[in-house]
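Take a moment with the sequence and the 3D view before reading on. The paragraphs below go through them step by step.

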Amino acid sequence: MYKSIIIGTGPSGLTAAIYLARANMKPLVIEGPEPGGQLTTTTEVENFPGFPEGIMGPELMANMRKQAERFGAEFKTGWVNSVDLSERPFKLQVEGHGELVAESLIISTGASAKYLGIPGEKDNVGRGVSTCATCDGFFFRGKKLSSSVAATPRWRKRTSLPASRRTSRWCTAAMNCAPPKLCRTARGRTRKSAGS
Ligand SMILES: Cc1cc2nc3c(=O)[nH]c(=O)nc-3n(C[C@H](O)[C@H](O)[C@H](O)COP(=O)(O)OP(=O)(O)OC[C@H]3O[C@@H](n4cnc5c(N)ncnc54)[C@H](O)[C@@H]3O)c2cc1C
């Protein structure tokens, strides 16, 4: 039985791992399909405190992992198929490792960006194609951009994303080209987005 298990090795999972390892909670960290999380898919990260010149995403995540390992966090790779939270200790079914049992559990499974699947898209991630408006809007100040948004207009209003053909805080013009099939609400209903 583990004192603590963390699912996910993005910034949140590894931050938890550093704290728990230092608190002698001997965490087991399960990496899943994307070791290091989403930041390993990007180039320069400019908004993490402590890096005035920026740092490459994969390097940042490798450093976080080293820091967690230094304090004794243990790592396993595997997909967590299910978690039983109905009683303690918690039970996890993990591909390749069977059932793992933990007194406490931190779920840091993050998210993954939805791509459109259009030609050249993946090749240009970090070179003009971005999946994070808050992270990368700064790089596109004064530029024309096209946004494709899988979100309801209400959600978009609360974020920094530009609405169709409206000037945002960063860009001079925006064209929203969200395909309706991407515009699903959390409840799975399809809605037409403002600009589609
Ligand atoms: C291209 C790109 C560029 C970005 N640039 C920036 C930036 O410059 N600045 C910034 O602040 N943010 C940026 N972001 C956003 C940032 O990456 C995320 O906010 C951050 O990674 C979220 O961290 P997280 O720990 O919550 O989860 P994630 O990084 O999403 O990690 C999730 C982890 O959970 C694991 N996992 C998921 N499901 C399972 C399962 N069932 N079993 C086992 N493991 C599982 C995955 O393998 C992964 O390790 C960018 C994102 C992308 C895609």
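This is a predicted model: local features need pLDDT of at least 70, side-chain atom pairs count only at pLDDT 80 or more; totals for chains, interfaces and linings use all residues.

Residues are numbered from 1 along each chain as its sequence is written.

Start with the layout. The chain has 4 helices and 10 strands. Here helices (H or I, at least four residues) and strands (E, at least two) are DSSP runs, numbered from the N terminus. Read from the N terminus on, the elements run β-α-β-β-β-α-β-β-β-β-α-β-α-β. Two residues are in contact if their C-beta atoms, placed from the backbone, lie within 7 Å. Take the contacts between residues at least 6 apart in sequence: 53% of them join residues at least 24 apart.

Next come the strands. Two strands pair if DSSP finds at least two bridges between them. Strand β1 (2-7) is joined to β8 by 5 bridges, and these two run parallel. In this pairing, Ile 5 stands opposite Leu 105 in β8. β1 also pairs with β2 in the parallel sense, over 4 bridges. There, Ile 6 stands opposite Val 29 in β2.

Other pairings are antiparallel. β6 and β7 pair in that sense over 4 bridges. Asp 84 has Lys 91 in β7 as its bridge partner. A hairpin of 5 residues joins β6 to β7. β7 and β8 also run antiparallel, joined by 5 bridges. Phe 90 stands opposite Ala 102 in β8. The hairpin of β7 and β8 has 3 residues between the strands, and Gly 96 takes a positive phi near 85 degrees in it.

What lies in the core? A residue is buried if 20 or more other C-beta atoms lie within 10 Å of its own, exposed if 12 or fewer, and partly exposed in between, with C-beta atoms placed from the backbone. Buried residues make up 23% of the 196 residues in the chain. A nonpolar core is a set of buried Ala, Val, Leu, Ile, Met, Phe, Trp, Tyr and Cys residues joined through C-beta atoms within 7 Å. The largest such core has 21 residues, and those with the most contacts inside it are Ile 5, Ile 6, Ala 17, Val 29, Ile 30 and Ala 68. The elements that give two or more residues to this core are β1, α1, β2 (27-30), α2 (57-70), β7 (90-94) and β8 (98-107). Its largest share, 5 residues, comes from α1.

Two residues show contacts across the sequence. Leaving out residues up to four places away, Ile 30 touches Ile 5, Ile 7, Lys 76, Gly 78, Val 80 and Val 94. Leu 100 is found in strand β8. It counts as buried because 21 other C-beta atoms lie within 10 Å. Beyond its neighbours within four places, Leu 100 is in contact with Tyr 2, Ile 5, Leu 92 and Val 94. Leu 100 and Met 1 are 99 residues apart in sequence, yet 7.2 Å apart in space, C-alpha to C-alpha.

Now turn to the ligand. A residue is near a molecule if its C-beta atom, placed from the backbone, lies within 6 Å of it. The ligand is surrounded by 31 residues, and the closest are Gly 8, Gly 10, Gly 32, Gly 37 and Gly 110. They divide into 14 nonpolar, 15 polar and 2 charged. Ala, Val, Leu, Ile, Met, Phe, Trp, Tyr, Cys and Pro count as nonpolar, Asp, Glu, Lys and Arg as charged, and the others, Gly among them, as polar. Helix α1 (residues 11-22) gives the largest share of this shell, 3 residues.

Last come some backbone details. Most residues other than glycine have a negative phi, and most peptide bonds are trans. Asn 24 has a positive phi of about 65 degrees although it is not a glycine. It is found in the loop between α1 and β2. Asn 24 counts as exposed, because it has 10 C-beta neighbours inside 10 Å. Lys 26 lies in the loop between α1 and β2, and has a positive phi of about 40 degrees. The peptide bond from Arg 88 to Pro 89 is cis, with omega near -5 degrees. Pro 89 sits in the loop between β6 (80-84) and β7.
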